Amino acid sequence: MEVKNFAIWDYVVFAALFFVSSGIGVFFAIKERKKATSREFLVGGRQMSFGPVALSLTASFMSAVTVLGTPSEVYRFGASFAVFFIAYLFVVILTSELFLPVFYRSGITSTYEYLQLRFNKPVRYAATVIYIVQTILYTGVVVYAPALALNQVTGFDLWGSVFATGIVCTFYCTLGGLKAVVWTDAFQMVVMFVGFLTVLIQGSTHAGGFHNVLEQSTNGSRLHIFDFDVDPLRRHTFWTITVGGTFTWLGIYGVNQSTIQRCISCKTEKHAKLALYFNLLGLWIILVCAVFSGLIMYSHFKDCDPWTSGIISAPDQLMPYFVMEIFATMPGLPGLFVACAFSGTLSTVAASINALATVTFEDFVKSCFPHLSDKLSTWISKGLCLLFGVMCTSMAVAASVLGGVVQASLSIHGMCGGPMLGLFSLGILFPFVNWKGALGGLLTGIILSFWVAIGAFIYPAPASKTWPLPLSTEQCIKSNVTATGSPVLSSRPAIADTWYSISYLYYSAVGCLGCIAAGVIISLLTGRQRGEDIQPLLIRPVCNLFCFWSKKYKTLCWCGVQHDSGTEQENLENGSDWKQGAESVLQNGLRRESLVHVPGYDPKDKSYNNMAFEITHF
């Protein structure tokens, strides 16, 4: 295809994003230089407010995958992607009401510390290693995606832009820590929204208004949103998105270190929950923008699809090609869109680097060297940020062979995030599950999710389940038209058309449910965990919702955990009780010196804060 080059103003707008992002890192490096502790660097001193954290959460997971991939998905498969509106709602409610209270009140820094408190060290280390692999793989995809966009619209060297992204992210993350990441994310979220808004306004103007866009999308079958077919082999239906999407995104939000780390950096639990709920508004806004961008793009290309006609080589290049078309006479706006895509990437990569450094430092370095000085701990944390910045950037090379960015990223999260969600669910919801069940369940979930995902990669699903909606090339220049059709399927085993063809959104559900089922069975066979040995703060007694009429049945479902003994509330109000009553946790292998204190409870605010933890920790 013909490459359309940036004008000078495009480069100015694009470069401004990098300068501002780097400047925020420098600002916090100078401002916080006297607070040289690893905890200040990694969790922002636990005194963040909900506003910037909410923007940061939205920006981190609405990455370039959303900016580039979601409009392309809507363009090819229709607006059924909008059903994620429901999945996001379930995810945020479950995260804020089920998982967050346990993590916040435990006073932990790494989510995997919980696994040591609840089970033992081997479970914690296994989960940490899986998280590190998952995050590096995912980050490689989101680094590659905007680099591809920049290469498509400007001809700028693909790998040069990859390394530029990695260098800038690593720079401000290493200098400024979590505070720099959060505030840079907030800035980048604004850039993402403005970028989408310019595309929506100019694109709808080209199409003759939103009314024409909706009419043409309806004629092209793009507005068939609610498809209630229960076939799990269909790529996107109401059920695959609401059920499979909830499992996938709950693994991303509910138990992911990057999310929980920012939530526990808030000064109170109420601020942490507000951050999640305001983040939900951000998710919805970005989703609506991305879906309408896809519909506008279809309206523009309805008679000449640049993908099937051979003008572009991959679906993920649709959005940047469309932007260069509608902004051809408006210098600076193509640069704004590319800055929009890069904003998503910078925020995601920086959050990932910071989270990787945190879990590595807390789960491995501190375990081996528990008496490090604050200064040395901070320098080690910075060194880890640098190391993971290099690793995540290098992993982008592999992303070039993973296919579409949306499916690739969500598949990675499903393969690893599903079993991790199952593991934490075993710990929080099933008091009788022991460490053997947890470890066996995690292994089972990983095997199942990788089996189905790798099988699907080798034997792609039949075209009838995944082929895009009709795309026209009637008004394209004939010399550009290339023959397209359904992929030719070689000899396939019977399992390829059933198990391997399941929707990629169900990978997480397969891993999670497989982990839970195996964990429960193994625990029952090897001897249940004694409820009396588990601190009530580590369990979320959701059975109270279903057995509210009977104290007898509630107590039975607690499996011996002393939720009504009064010690739980006393622990929340007085952190010392947690340490005094921790003998049962010690027998799971937790060293006495690594015990954490419970954050304090403020009866006036009816919320928990980090002050008690800060006092007892230092």
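Biologist: Let's start with V323. Which helix does V323 lie in?
Modeller: V323 sits in helix 13, which covers residues 318-326. Keep in mind as we go that this is a predicted model.

Biologist: Got it. Is V323 buried or exposed?
Modeller: V323 is buried: its relative accessible area is 1%. The cut-off for buried is under 20%, so V323 qualifies.

Biologist: What is V323 in contact with, if we skip its neighbours within four places in sequence?
Modeller: Leaving those aside, V323 is in contact with V199, P334 and F337.

Biologist: And how far is V323 from V338?
Modeller: Their C-alpha atoms are separated by 9.2 Å. Along the chain, V323 and V338 are 15 residues apart.

Biologist: How many residues of helix 13 are buried?
Modeller: Eight of the nine residues in helix 13 are buried, which makes the helix mostly covered. Among them are L318, M319, P320 and Y321. F322, M324 and I326 are on the list of buried residues too, along with V323 itself.

Biologist: New topic: charges. Why would two side chains pair up at all?
Modeller: Side chains with opposite charges can pair when their charged atoms come close.

Biologist: How many salt bridges are there in the whole structure?
Modeller: A search of the whole structure finds 11. One of them joins the side chains of R105 and E269, with N to O at 3.0 Å.

Biologist: Where do R105 and E269 lie?
Modeller: R105 is in helix 5 (residues 84-106) and E269 is in helix 12, so this pair ties together parts that are 164 residues apart in sequence.

Biologist: Are those two buried or exposed?
Modeller: R105 is buried, at 12% relative accessible area. E269 counts as buried as well, with 4% relative accessibility.

Biologist: Which salt bridge does K273 form?
Modeller: K273 pairs with E269, and their closest N and O atoms are 3.6 Å apart. Both residues lie in helix 12, four residues apart, which is about one turn of the helix. K273 has 18% relative accessibility and counts as buried.

Biologist: What about K366?
Modeller: K366 forms a salt bridge with E362, where the closest N and O atoms are 3.5 Å apart. These two are four residues apart in helix 14 (residues 333-368), so about one helical turn separates them. K366 counts as partly exposed at 25% relative accessibility, whereas E362 is buried at 6%.

Biologist: Which residues do salt bridges with shared partners join into one network?
Modeller: That network consists of E97, R105, E269 and K273.

Biologist: Last topic: helix 4 and helix 12. How do their axes cross?
Modeller: The axes of helix 4 (residues 64-77) and helix 12 (residues 269-301) come within 7 Å and cross at roughly 55°. The two helices are therefore oblique to each other, and helix 4 passes helix 12 in a right-handed crossing.

Biologist: Which residues make that contact?
Modeller: From helix 4, the contact uses T66, T70, P71, S72, V74 and Y75. From helix 12, the residues include I286, A290, V291, L295 and F301.

Biologist: How many of the contact residues are nonpolar, polar or charged?
Modeller: The contact of helix 4 with helix 12 has 10 nonpolar residues, five polar and no charged.

Definitions and conventions: Residues are numbered from 1 along each chain as its sequence is written. This is a predicted model: local features need pLDDT of at least 70, side-chain atom pairs count only at pLDDT 80 or more; totals for chains, interfaces and linings use all residues. Side-chain values use heavy atoms; hydrogens and water are left out. Axes are lines fitted to C-alpha atoms, for helices over the stretch in contact, and angles run from 0 to 180 degrees between N-to-C directions. Angles under 35 degrees count as roughly parallel, over 145 as roughly antiparallel, 65 to 115 as roughly perpendicular and the rest as oblique. A crossing is left-handed if the near helix is turned anticlockwise from the far one by less than a right angle, and right-handed if clockwise. Contact means heavy atoms within 4.5 Å. Ala, Val, Leu, Ile, Met, Phe, Trp, Tyr, Cys and Pro count as nonpolar, Asp, Glu, Lys and Arg as charged, and the others, Gly among them, as polar. Buried means under 20% relative accessible area, exposed over 50%, partly exposed in between (1.4 Å probe, protein chains only). A salt bridge is a side-chain nitrogen of Lys or Arg within 4 Å of a carboxyl oxygen of Asp or Glu.
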